[in-house]
Amino acid sequence: MTDGIGGGEAARLMDLLEVLRRGFLAADPPDLAARRADLARLKAAVRARKGDFVRAAAEDFGRRRAEETVILDLGPVVQAAGYLARNLGRWMRPERRRVPVTLWPGRARVIRQPKGVVGIMTPWNYPFGLSLIPLATALAAGNRAMLKPSELAPASARAMAAMLAETFAPDEVAVVEGGPETGAAFAGLPFDHLVFTGSTAVGRKVMRAAAENLVPVTLELGGKSPAILGRDADFAKAARDIAWAKIANAGQTCIAPDHVLVHEDDAAAFVARLVAELERAFAGGARMTRIIDAAKARRLRALLAEAASGGAALHVIGRNAGQGREVPPAVVTGLPPDCGLMREEIFGPLLPVVTYASFDAALAGIAEGPRPLALYYYGGAEGRARALARTLSGNVTVNGAMTHYAVDSLPFGGVGASGIGAYHGREGFEAMSHARGVYDEPLRSLIPLGRTGGRFERLFAWYMMR
Ligand code: NAD
């Protein structure tokens, strides 16, 4: 950042980071009890402000049901904080490691120490969960944290900033509000670790900025997560799950099934089921979350129009194509090969259904593309084994959609274009800790070094090369 505004912003953020860093350096690493107390405070604060958070999310989205905010956004924070607190003691314990015989009777272990100050940059689609679960993980690992929520969910960002300012001291947790310019300055700060959740395009810029300071990154990105249905799938369950996943938060979920792959002979019956499930779940649309802003709603309509003009069939749910920030769900079949719906991450309630003639060829198609954040497979054990072996994605749910997110003990993250590293559970704790190898050398070694020319040295040289 060299220009006046950007430079001023960078200096302001640097001051905040300095406060956190000084706080970190002034104290010993927090012990188990202190970390558990932080997690308990966070959990209690989220519970106490449930009403504020539900209202803020409804304001940001224009409409979002309380249950949706609680089940998909706030509940996961409470669950994750509880899971971290319960398991932290085990993860914090030093881990004994084997010592080669030449170094006996030395002792080796790995201790996991907090890295320092963790930067957390987050998107708007689940403004609470995607900010506060990384924060809980950073605190569990004994760090301080600086959070930059998305400017596209400003009411949620304000509510979170107020809650965190009341719950933690300024040298423990800081919040920075602002848009891409603030984001760019934030990504350029010399954090000890940076967790970015957002688009692949911005993730690239963030990693470039972090590289300047050699800041290690966890990148939680997006992509086109497929659902692939074997011929022996439970189509009723698949239709119900996938309809729910596209209606929930209006499909604005990083792990929502982006499109469905189904055998050509099963497609017509499956689409009929899917449309019926979507009609039922949509229920007139008055309860469905809106698209976060008008520009993103326009983009979704343009994607549909482009597919239609290329010959695709649209099965739009509800009475009309929606207006403003209301976008009804739609199933799209017979898509032209290179249309936007099949190129870009959809991130809305539109669902292309693509047919395949051979299951293995469909898996090969997934494997050849950018690696998705999630993959959903419906069907029996044989197809499951092939789908797992022949593709790679951040995570997988078998015979379900999106539910792996709720399993706190699993690592959550992408691979390739969908991200780098993971958080949640033990993997999150490890990502935000430094695994420090500690070797305690005995005062008297079995094979003393430093005595040159002796028998021991020759024996040692022989032993190491044997
Ligand atoms: P985004 O990349 O536009 O924004 C994410 C954050 O980056 C925001 O805080 C934003 O202010 C900031 N930002 C924007 N431009 C920036 C720049 N040039 N430099 C630095 N920071 C900048 O993403 P979004 O639209 O908020 O979220 C949608 C995307 O996030 C989708 O691709 C979705 O798949 C992905 N996502 C991933 C996960 C996951 O866990 N992997 C979760 C939710 C969303």
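**Note on the interface between domain 1 and domain 2**

1. In this predicted model, 19 residues of domain 1 are in contact with 25 residues of domain 2, contact meaning heavy atoms within 4.5 Å. The bounds, from an automatic or database domain assignment, are 7–221 + 416–438 for domain 1 and 226–406 for domain 2. Their centres, taken over C-alpha atoms, are 31 Å apart.

2. Residues are numbered from 1 along each chain as its sequence is written. Local features need pLDDT of at least 70, side-chain atom pairs count only at pLDDT 80 or more, totals for chains, interfaces and linings use all residues, and side-chain values use heavy atoms, with hydrogens and water left out.

3. About 2000 Å² is buried between the two domains, 52% of it on carbon and sulfur atoms; buried area is the accessible area (1.4 Å probe) that two parts lose on being put together, summed over both. On the domain 1 side, the greatest losses to domain 2 fall on Phe61, Arg63 and Trp124, together 32% of what that side buries.

4. One salt bridge is counted between the domains (a side-chain nitrogen of Lys or Arg within 4 Å of a carboxyl oxygen of Asp or Glu). Arg63 also pairs in a salt bridge with Glu326, with 2.7 Å between the closest N and O atoms.

5. The residues of domain 1 that touch domain 2 comprise 10 nonpolar, four polar and five charged. Here Ala, Val, Leu, Ile, Met, Phe, Trp, Tyr, Cys and Pro count as nonpolar, Asp, Glu, Lys and Arg as charged, and the others, Gly among them, as polar.
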